[in-house]
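Subject: Structure for your review

Dear colleague,

Please find below the structure that I am handing over to you. My notes on what was found in it follow directly after.

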Amino acid sequence: MQPRPPSSAIVVGSGIIGAASAYFLARRGVSVRLLDASAPAAEATGAADGAVSVASKRPGPMMSAALEGVRLYGQLADEGLLAGAFKRRSTFIIAASDEECTVLASHSAALESAGVKVETLSGDRLCQTFPVLSNQARMAVEVHGEGHAIGYQIVHRLLTASGITVDRDTRVEGLRRDRSGQRVTGIDTNRGRLAADVVVVAAGNGSATLLGLSQVLTPRKGQLLVTERAPTLNAAMPGAIMSGRYLLSKGSQKVGYTPPPRGMGLVIDPLVTGQFLIGGTREDFGDRRTNDIEAVSRILCDAVELVPGLASVRLLRSFAGVRTAVIDGLPLVGRVPGLENAFVATGFEGDGICLGPITGQSIVQLICGEKPSIDLSFFDPARFGSYGAAA
C-alpha cells in the first residue's frame, strides 16, 4: 500500500534546503512548522555565491544530482515560481597552467559523458568569445545551460508561495521519541514542545549537535567579494568565470579528496545588477564570520590577473559565511538511522544553492513513499552508522 503524505511536519532550519522541503510538503497539503534558531537564510544560504552549476561537480552522484538540480530550477522558473530569480547563463572554466589544462581536459570529458553540453575554446576563438580575459587564459571550457540564483531570494519565493511563516529564534533542543524508540513524536525547543508526524532536520551545522554528528559534519568557511556596478565590463562577459584552480581547490576530479585547511580558488560572476561577485576560499580555520586582508588581497589580485578590466572597478564589500561539510565529501540526505519518520538533509558545503530545490523535492518524495528525483542511496546517512540523536 502506497504511504500517504503525513498530516503534519516540522522542518528544522530555514535555509534553502529547509525552505524547499517545507514548500514541497505544503504543496501536498501537509501542515508545516518551519523553525530556525535565527532567521530565514541567515547562515550559509545568505552568504553563498549563488551558482546553479554542474561545472565544478565531481563525476558521479554529485554531478548527476546537479544535473537534476539545474533542470528543476529551469522548470520552476518557467512555471513562474522562480521567474526573474533564476538567471540562465554559461560557466567558463578557465585554465592558466599546464596542471589546470590537464585537469580541465579530464573534467570536460566527464561532463560531456554525463550529458552536459560543453565546448572547448582556445587561441583566437577564446579571445573572440571572451575578449576581456588576459593572455594568462590558455584554454577554456564553456559549460552550457547553467545559472545563478541568490539564495535568500529563492528562500523568499519558496516561503511566500507556500504561505509559511518561519518560527524565528526557535532553538531545537532534542527529538522526542515514542516508547518503541523508533519513531519521533515531535521536538523540544526553547519555546516548548511541538508535535508532528514527521521531522526533517535541515539545520546545517546545527544538525551536528541535534543528531550527534559532530564527528561527521564540519564547518567550512568561505570568503566572497562584491564590486560596484561596471555595466560595460559586465556586458562584455558572456558568462561566469571559474578558474581551473577552483577545480583543484575543490578536488572535483578526486574521489575521497580532503581539501587543504585553506583552499584558494577563483570565481567571477557578472550579476544582473552590473556588479561582480568574486570568490573565494574554502577554509577550516579562522574567524568564521569575518574577512582577512590576506584572503581578500589574494582573491582580488587573481581576479585582476585574469580580467585586467577589474583593476578600475571598486570593491564595495567583502563577507564571509560558513558552509556545512561532510567528512567524505557527500551530503547527508535521507532517513535518520533508527528512526522511521525523521529525515536529515545537510552537509552540502558549496553545493547547497544548486541542490536546494531538488533535495527538498526528493526528501518529500521519500517521505511520501515515492521514488526520489535523485538517487539518494549515495547520500544515505546510514553510511556513518547509528546516530546519537537527542531524545
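In this predicted model, Arg88 and Asp78 join their side chains in a salt bridge, with 3.2 Å from N to O. A salt bridge here is a side-chain nitrogen of Lys or Arg within 4 Å of a carboxyl oxygen of Asp or Glu. The pair links distant parts of the chain, as Arg88 belongs to strand β4 (residues 86-95) and Asp78, 10 residues apart from it, to helix α2 (residues 61-79). Helices (H or I, at least four residues) and strands (E, at least two) are DSSP runs, numbered from the N terminus. Arg88 is partly exposed at 48% relative accessibility, whereas Asp78 is exposed at 62%. In these terms, buried means under 20% relative accessible area, exposed means over 50%, and partly exposed lies in between (1.4 Å probe, protein chains only).

As for the basis of the values, local features need pLDDT of at least 70 and side-chain atom pairs count only at pLDDT 80 or more, while totals for chains, interfaces and linings use all residues. Residues are numbered from 1 along each chain as its sequence is written, and side-chain values use heavy atoms, with hydrogens and water left out.

Side chains of opposite charge can pair when their charged atoms come close. Over the whole structure, the search finds 19 salt bridges. One of them joins Glu119 to Arg125, whose closest N and O atoms are 2.0 Å apart. Glu119 is partly exposed with a relative accessible area of 23%, and Arg125 is partly exposed with 41%.

A further salt bridge, 3.1 Å from N to O, is formed by the side chains of Glu349 and Arg220. Glu349 lies in the loop between β17 and α10 (352-367) and Arg220 in strand β11 (residues 217-227), so this pair ties together parts that are 129 residues apart in sequence. Arg220 is buried, with a relative accessible area of 8%. Glu349 also forms a salt bridge with Arg282, where the closest N and O atoms are 2.8 Å apart. Arg220, Arg282, Asp284 and Glu349 are linked in a network of salt bridges.

The chain is divided into domain 1 (8-46 + 152-216 + 328-384) and domain 2 (91-143 + 217-323), with bounds that come from an automatic or database domain assignment. Their centres, taken over C-alpha atoms, are separated by 31 Å. In contact (heavy atoms within 4.5 Å) are 16 residues of domain 1 and nine residues of domain 2. Between them the domains bury about 990 Å², 45% of it on carbon and sulfur atoms; buried area is the accessible area (1.4 Å probe) that two parts lose on being put together, summed over both. Glu43, Asn205 and Glu349 supply 51% of the area that domain 1 buries against domain 2, more than any other three residues. Two salt bridges are found across this interface.

Finally, I turn to strand β10 (residues 198-201). Val198 and Val200 point one way from β10 and Val199 and Val201 the other way, and all are buried. Strands pair if DSSP finds at least two bridges between them. β10 pairs in the parallel sense with strand β1 (residues 8-12) over four bridges, and Val198 is the bridge partner of Ala9. With strand β17 (residues 342-346), β10 pairs in the parallel sense over three bridges, and Phe343 is the bridge partner of Val200.

Yours sincerely
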